[in-house]
Amino acid sequence: MSNNLRINKNNFIDQTVRISFKFNGRRLFGYKGDTLASALLANNIHLVGRSFKYHRPRGIMTCGSEEPNAIVQVGKDPALTDPNVRATEIELYEGLEAFSQNCWPSVNFDIGGINNFLSPLLPAGFYYKTFMWPASFWEKYEFFIRHSAGLGKSPTKPDQDLYDHQYVHCDVLVIGGGISGILSAKLSAEKGLNTMLINDKSHLGGSTIYQNDDIFKINNETSNLWLKNQIEELKKIPNLTIKNRTSVAAFHGYNYLLARENLTDHLSAHERKEKIRQRLLKIRAKKVVIATGAIERPLIFNNNDRPGIILSSSIKKYIDYYGVKTGESISLFTNNDSAYETAISLNKSGVKVKVIIDIRENSNSILSEKIEKAGIKILKGYTITNTDGYKRINSIDVMKLSKDGENVIGSKITYKCDCLGISGGWTPMVHLFTQSGGKLKFRNNDNVFIPDENKTPSEQISVGSSNGDFELDDVINNTVKNIKVFLGLDKNNYENLDIKCSKEKQKRNIWLLPSNKPISRTKPFLDFQNDSTAKDVKLALREGFKSIEHVKRYTTTGMGTDQGKLSNMHALGIIADTTGTNMGELGTTTFRPPYTPLTFGAIVGRNVGEFFDHTRRTAIHDWHLENKAEFENVGQWKRPWYFPKNGETMYQAVQRESKAARESAGILDASTLGKIDIQGEDASEFLNRVYTNAWSKLAIGKCRYGLMLNEDGMVYDDGVTTRLGENHYIMTTTTGGAANVLSKLEDYLQTEWPELNVYLTTVTDQYSTMSICGPNSKKIIAKIIPSLDLSDESFPHMSFKNSKIDNVNCRIMRISFTGEHSYEINVQSNYAKDVWERCIEAGKEFNITPYGTETMHLLRAEKGFIITGQDTDGTLTPSDLQMDWIIGKKKYDFIGKRSLYRSDTIREDRKQLVGLLTDDPKEVLEEGAQLVESLEKPIDMLGHVTSSYFSPNLNKSIALAVVRSGKKLKGKKLIVPMKNKNINVTITDTVFYDKENKRLNA
Amino acid sequence: MFIINCPYCGERDQTEFSCGGEAHIERPKQPTELSDDQWAEYLFMRKNIKGIQFERWNHIHGCRKWFNVVRDTSNDKIHAVYKMGERPPVK
Ligand SMILES: [Zn+2]
């Protein structure tokens, strides 16, 4: 066991609650309040993973969501395991089990590590360049790449966790629980505004809450104590909601934001039971305050990626907040004053700070004076040229920088250390600001992109370090001043605080620090997760990539799970330096949501399984269930597909049902067909305009089939419409087209023909429809409604009568989609099951056979009736369907009419609907199969099969197809080439059965 | 996701609406008088402006009314909403 790296004094870790966890199978202990990262560091474990390309050992580098290296697999349950979890964010809980990713067979011995020695062979764009040729080798390359690369493993079983969605409306949303967010939320809530404060940590206070040095004072209290009191007061305000462990993923226009609230990820398995794991908040805020803070930048120098190299501010948090020493002998490397704060914290905790290397020639501030008083050595104007140590840093080489910062001079000094803190300054977290449409400006003196106040979308403001204020007095004073204007506040208590802090006076920035070796022999890492180096960026530029978006993709800089939160600024800086461009002109790459990854569970919420989509069932559904129907999904509807008896296959059932319907009687639940009630004095004129045929002369009580086109002349929908009264029609549409037809008709009525007095009402759900067909259908109807005159004179084909079954009103239509004598009964849906059962009862003596959609399709195909959406696909005109008879030639206009004689629609070689018979009557074609004339290459595709069945009534295979110039090809032989045979077919008429329509009146 | 002020219902979330493309394209009164090119112009040709665009929207999951919206496609700012048949506001 290593030395105890936990110091005993701090407020945030509960050392009375010991927690056991496992990392790579090894049992370890931490305390309540730890993250996995802080607990690992307390156990002296730095090496946690391997880098993506070179498989170099990598350690914990940060303490937050910007972590590029310490990403782990949590848990091994195949349903619950979670890949790519940042060890710096996950809170420790009893029984936590985590594993390193991207290493095989283990993090300590990783075969992929050999890539490190091959690295001269793996430059930027290596994958693009190498694996492109020969193309046939890809499968072999892929095996190698998939095995050795890749991040975590996906769960292999369905997620058992519960997820939720919640809509949130508030006056003010404050994003960020640091000091500027807390002040903003307090000012807002105290004004009485309904305020929500979102904080991605488990605790409020940001980095100020552990800033305990007396250099930083507010009203004579150290800043951490002052803030602690503010938070206590804040929690008491009733109109403020605080959401901890919540991270905003996306900031869209009109102040619409998505945030993920973690509810149980910090709990042990038994505490999680029955609880919602994560909640996706869909927030609409009147005003938004962005207080997302800043993250520290690394420095880019040779071998800057070894385990033990940590951001300086993270070392401070580990010591001051978690009470964990990240090493016994720590050096710091910086270009700004914040590493001095870390040195002070370490010094107070008794950790030896070996040396501070500062690239600045001078650094005079309250902080630097305190450091020098403490006797800590500062090398000013120096840089690190190399580091050593494979699985943990053990030494650094330091040399003096030339005046211009381009070279190193003098001799090399080597320092031993087991941890190196690095600080390259600060990057404001402007992701959400830019996502919402804000534009950035570049501030030259400290090289930061900050929100441009003139290009900020309205009703939002950025404050604190996310707005580029890095020092305590600026953060507080500017936040208070700007929030006062933003929220229209009166004078408040925070305007005249007495704030003491150190002020940084000198700045120096070098994006790529020089070494005593040529750059080609160094490894200055930019993107730690994707292993892209400064060399790669320079190579991309040499190879002609100019746009930063292209350089990013070519080198994969910023494309890891951390989305380049650490690396992007340096990549931009190096591009700007190399190309001699000003960074402000260069701009940034686009920040896209999500800011931190979302789980799929949070995205879909409860919309899984049976809640994924609505299921529509007809009023007769229970009868179908009782009678063992197999169902087919048609849109959201469940429709009976066929009714198997005694273990029949679908084929056997359909053959039986089809024969029964033609020989005696069949019954179909047709309730899913769309039904639109049309009323108004211009209803007839309206139908004239929307259907291709004429409607004004249709008598009351008569039905007519209509074809509806799009304005481009292509068939859109079809169905029978019945004239119920002078100004009253009922239109039926296809099942799938119902909603779209209604919308389309409404569109024309409201926008093109507002002068028409017509009202449309959907009544699909209100009425149920059962269709009874076959030679005995008339007898069955006569049994149910004895009073109804069913003679052909009184009730001919294509007519309708109002009637009653007991006291229930019903509409009986004599219409047919099978070619048989048939009736449709329409009743109010709540009586439908009863009426259906009466039909079944009355039909018993005629062996009435319930049939489903498959038999319906077969019967209509025997008659050559089309199904829109199956035989049509939006590219067929009525003429293509051989339905010229339905075009009202005398009508001046209807939707789509003008398109029917465009040069393209009158072509004779369009695909046209035909019938097909196979030479072998037993051979049933596959729907979708291609039709060709000869097998000589190149093969000309003439068309395809749209519908195909074995007809029991004709005892042969029949099919419908669309074929180029098909109308002229009756009798022509074609070939349907299949995988293992060629099927010979002959083009025929589309009507296969009862061409004379004798059965309609049988 | 923006908010649209339906002239019949008031402000509602964008998810309640569907967009019907460019506004103020009138269906020709006498299509039969038009050449193929003229008909094609009506049928197929639509603008795709970066900036101020006049659009048709339908409150499909609300009152089902069609109306017009003046929207800046570069930032989704809605400058005006007006009923079908009303004159577009002068820019
Ligand atoms: Zn509305």
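Across the interface of chain A and chain B, 19 residue pairs are in polar contact, both residues at pLDDT 80 or more. A polar contact is a pair of N or O atoms within 3.5 Å; within protein, one must be able to donate a hydrogen and the other to accept it, and residues adjacent in sequence count only if both atoms are side-chain atoms. On the side of chain A that touches chain B, helix α21 (residues 738–752) of chain A gives the most, with 8 residues. Helices (H or I, at least four residues) and strands (E, at least two) are DSSP runs, numbered from the N terminus.

This is a predicted model, in which local features need pLDDT of at least 70, side-chain atom pairs count only at pLDDT 80 or more, and totals for chains, interfaces and linings use all residues. Residues are numbered from 1 along each chain as its sequence is written, chains are lettered from A and ligands numbered from 1 in the order in which they are written, and side-chain values use heavy atoms, with hydrogens and water left out.

### The interface

In contact are 25 residues of chain A and 28 residues of chain B. Contact means heavy atoms within 4.5 Å. The two chains bury about 2,300 Å² between them. Carbon and sulfur atoms give 46% of that area. Tyr254(A), Tyr892(A) and Arg898(A) supply 30% of the area that chain A buries against chain B, more than any other three residues. Buried area is the accessible area (1.4 Å probe) that two parts lose on being put together, summed over both.

### Salt bridges

Side chains of opposite charge can pair when their charged atoms come close. A salt bridge is a side-chain nitrogen of Lys or Arg within 4 Å of a carboxyl oxygen of Asp or Glu. Between chain A and chain B it is 5. The table gives some examples.

| Pair | N to O distance |
|---|---|
| Arg284(A) and Asp13(B) | 2.6 Å |
| Arg27(B) and Glu711(A) | 2.5 Å |
| Arg443(A) and Asp446(A) | 2.8 Å |
| Lys844(A) and Glu841(A) | 3.5 Å |

Both Arg27(B) and Glu711(A) are buried. Buried means under 20% relative accessible area, exposed over 50%, and partly exposed in between (1.4 Å probe, protein chains only). Asp446(A) is buried at 18%, whereas Arg443(A), at 25%, is partly exposed. Lys844(A) is exposed, with 57% relative accessibility. Salt bridges that share partners also join Asp164(A), Lys243(A), Glu261(A), Arg279(A) and Arg606(A) into one network.

Cys9(B) and Cys63(B) link distant parts of the chain, 54 residues apart. Cys9(B) sits in the loop between β1 (3–6) and β2 (10–13) of chain B. Cys63(B) sits in the loop between β4 (52–58) and β5 (66–72) of chain B. Cys9(B) is partly exposed at 28% relative accessibility, and Cys63(B) is partly exposed at 30%.

### Inside chain A

Helix α24 (residues 853–863) of chain A is mostly covered, with 11 of its 11 residues buried. Among the elements its buried residues pack against are α19 (650–663), β47 (941–951) and β48 (956–964) of chain A. Just after α24(A), Gly864(A) takes a positive phi of about 75 degrees.

Ser20(A) lies in strand β1 (residues 14–23) of chain A. Ser20(A) is buried, at 7% relative accessibility. The side chain of Ser20(A) makes a polar contact of 3.0 Å with the side chain of Glu94(A). Ser20(A) and Gly30(A) are 10 residues apart in sequence and 6.4 Å apart in space, C-alpha to C-alpha.

Thr735(A) is in the loop between β38 (728–733) and α21 of chain A. Thr735(A) is buried, with a relative accessible area of 12%. A polar contact of 2.9 Å joins the side chains of Thr735(A) and Thr672(A).
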